[in-house]
Amino acid sequence: MSRELERRALLGRALAFGAAGLLTGCDYDNLQHPDLADRFLRAMSSWNDRVQAALFNPHTLAPTFPASAITRPPRFNAYYDRDQVRVVDGASWKLELSGLVAERRAWTLADLRAAPQQSQITRLVCVEGWRVIGQWGGVPLGWFLRRIGADTRARYVSFRCADGYYSSIDMASALQPQTILALDFLGKPLTPAFGFPLRLRIPTKLGFKNPKSLVALGVTNVYPGGYWEDQGYNWFSGS
Amino acid sequence: MRPIHPWPLRLMHWLNALAIVTLIGSGWQIYNAAPLFPFSFPEAITIGQWLGGAVAWHLAAIWLLVLNGVSYLIWGTVSGHFRRKLAPPGPRAIWADLLAALRFRLPHEHGRYNAVQRALYLAVIALGVLAVLSGLAVWKPVQLWWLSDLFGGFRASRYVHFFAMAGIVGFLAVHLALVALVPRVLWPMIAGGRDQGAVR
């Protein structure tokens with residue numbers, strides 16, 4: 001399926017009141033019939049994806065900060081409230097692999113702990129406009145992708161989460177050296193609220209592109225979309 | 001006879017108006033997601049209905065603003081518009097015209113900008129450039145880290161972007177109030193008008 005079809009309409013929610021006046025009678029809520037404003041915004045968002053991919057420099061590192069700059073207490077964020085956080089059983093948890101990878105064997109927590117680790121103190125910028133600074137540690141995604149024999153010429157790396165969240169990133173950003181599969185947060189294993197047992201930490205993208213509590217990783221050339229992306233957030237959302 | 005406002009200027013003026021209104025309205029909706037100050041903008045005067053819609057409108061309208069704005073700067077330079085109409089006024093000229101304007105004794109001359117007008121137009125062009133640059137710093141604090149650093153980091157860039165917006169909104173308030181006071185200036189910005197020298 002084409003990326004345009006995959007990417008769901010921005011729908012009525014995206015309509016400016018000004019443009020809405022011109023477009024009464026359109027079925028904003030029907031995915032198959034995006035109205036004129038939806039088509040326009042989607043076309044511009046796709047264009048902005050291409051511009052951001054061109055602007056992305058794989059050698060540009062996200063700024064790092066001293067430990068004194070770490071935001072305390074850390075800020076919880078999800079598409080649900082904190083009391084609805086699902087708790088994953090680490091002992092039985094596995095990261096499933098799919099798509100264009102040579103070795104599809106699922107990875108356990110012990111497997112990931114035995115891999116090379118990297119720690120970073122970086123800034124997480126939310127699409128809402130706030131930012132926090134935190135320390136994350138884990139396995140560089142580039143190392144992991146090569147280790148599983150992923151086709152690094154593929155376009156997308158996709159992620160599925162224990163809470164139903166999902167997202168995807170471009171391969172160039174996936175291979176950026178600060179992009180990690182994080183196991184630790186603030187020097188300790190991730191807590192459920194912050195993505196136990198494994199989350200993506202990618203400081204070159206906005207916060208919602210950092211999915212938590214991963215259960216599956218895929219490598220694909222078929223646009224995978226994302227929870228917020230399918231509702232109208234810009235897909236690339238580079239920082 | 002020359003028109004008061006040549007057609008490229010009129011076209012760019014109204015395209016700019018469309019871009020600016022869309023950017024400010026969607027920007028207010030984005031602001032509401034994480035307010036910098038203890039107030040939010042009323043939903044009814046924002047554009048986009050939710051954060052995703054507002055970001056989509058904002059990042060679409062910016063292309064119109066930038067392409068139109070660059071066209072304006074090139075056209076203004078090449079056509080001699082800036083040289084003829086927007087020569088930077090000295091502080092004394094601004095002060096004299098401001099006092100006259102506040103006493104309602106500053107005549108409007110079609111096709112000629114007084115010192116206060118020129119100062120305000122130059123200021124709002126500068127604010128537009130500042131808004132675009134600080135917006136880029138908010139949009140790409142990693143890839144354009146040097147721009148972000150120039151404004152003092154991501155958070156400071158947000159404040160600069162906000163105050164640039166506030167300055168532009170302040171300009172718009174004065175701009176629209178003056179059109180309301182002297183409504184005959186509106187039609188020439190639509191149809192061009194005829195430059196017949198000073199009109200009292």
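How do the residues that line the second largest pocket divide into nonpolar, polar and charged? There are 21 nonpolar, five polar and five charged residues in that lining. Keep in mind as you explore that this model is predicted.

**The second largest pocket**
- This pocket has a volume of about 530 Å³.
- Its lining is made of 31 residues, and those nearest the centre are Asn77(A), Ala78(A), Gly207(A), Phe208(A) and Lys212(A).
- Strand S3 (residues 131-140) of chain A gives the largest share of the lining, four residues.

**Cavities inside the structure**
- Over the whole structure, four cavities of 30 Å³ or more turn up.
- The largest cavity has a volume of about 70 Å³.
- By type, the lining of the largest cavity has six nonpolar residues, five polar ones and no charged ones.
- The second largest cavity holds about 60 Å³ of space, and its lining includes Phe76(A), Tyr80(A), Arg86(A), Asp163(A), Lys212(A) and Ser213(A).
- Here the lining divides into seven nonpolar, one polar and three charged residues.

**An open sheet in chain A**
- Strands of a sheet pair through backbone hydrogen bonds, and they can be parallel or antiparallel.
- In chain A, four strands form an open sheet in the order S1-S9-S4-S5, with mixed pairing.
- Strand S1 (96-99) and strand S5 (166-170) are the edge strands, each pairing on one side only.
- From one strand to the next, the twist averages 20°.
- Strand S4 (residues 156-161) of chain A runs antiparallel to S5(A), and five bridges join them.
- For example, Val157(A) has Ile169(A) in S5(A) as its bridge partner.

**Aromatic rings**
- The whole structure has 33 aromatic pairs over all chains.
- The ring planes of Phe208(A) and Tyr233(A) meet at 70°, so this pair is edge-to-face, with the centres 4.9 Å apart.
- The pair links distant parts of the chain, 25 residues apart: Phe208(A) sits in the loop between strand S8 (199-201) and strand S9 (214-220), and Tyr233(A) in the segment after S9.
- Phe208(A) and Tyr233(A) are both buried.
- Both also belong to a cluster linked by ring pairs, which includes Tyr79(A), Trp228(A) and, from chain B, Trp50(B).

**Backbone exceptions**
- Most peptide bonds are trans, and most residues other than glycine have a negative phi.
- The peptide bond from Arg72(A) to Pro73(A) is cis, with omega near -5°, and Pro73(A) lies in the loop between H3 and S1 of chain A.
- Another cis peptide bond joins Phe196(A) and Pro197(A), with omega about 0°; Pro197(A) is in the loop between strand S7 (188-189) and S8 of chain A.
- Ser213(A) has a positive phi, near 45°, and is found in the loop between S8 and S9 of chain A.
- Is Ser213(A) buried or exposed? Its relative accessibility is 6%, so Ser213(A) counts as buried.
- Gln49(B) also has a positive phi, about 70°, and lies in the loop between helix H1 (7-33) and H2 of chain B.
- With a relative accessible area of 48%, Gln49(B) is partly exposed.

How values were computed:
Residues are numbered from 1 along each chain as its sequence is written. Chains are lettered from A and ligands numbered from 1 in the order in which they are written. This is a predicted model: local features need pLDDT of at least 70, side-chain atom pairs count only at pLDDT 80 or more; totals for chains, interfaces and linings use all residues. Side-chain values use heavy atoms; hydrogens and water are left out. On a 1 Å grid over the protein atoms alone, a cavity is a set of points where a 1.4 Å probe fits but cannot get out, and a pocket is an open set with protein on both sides within 12 Å along at least five of seven lines; lining residues have an atom within 4 Å of a point. Grid points are joined across faces, edges and corners, and a volume is the space filled by probe spheres set on the points. Ala, Val, Leu, Ile, Met, Phe, Trp, Tyr, Cys and Pro count as nonpolar, Asp, Glu, Lys and Arg as charged, and the others, Gly among them, as polar. Two strands pair if DSSP finds at least two bridges between them. Helices (H or I, at least four residues) and strands (E, at least two) are DSSP runs, numbered from the N terminus. Axes are lines fitted to C-alpha atoms, for helices over the stretch in contact, and angles run from 0 to 180 degrees between N-to-C directions. Rings of Phe, Tyr and Trp (its six-membered ring) pair if their centres lie within 6.5 Å; planes under 30 degrees apart count as stacked, over 60 as edge-to-face and the rest as tilted. Buried means under 20% relative accessible area, exposed over 50%, partly exposed in between (1.4 Å probe, protein chains only).
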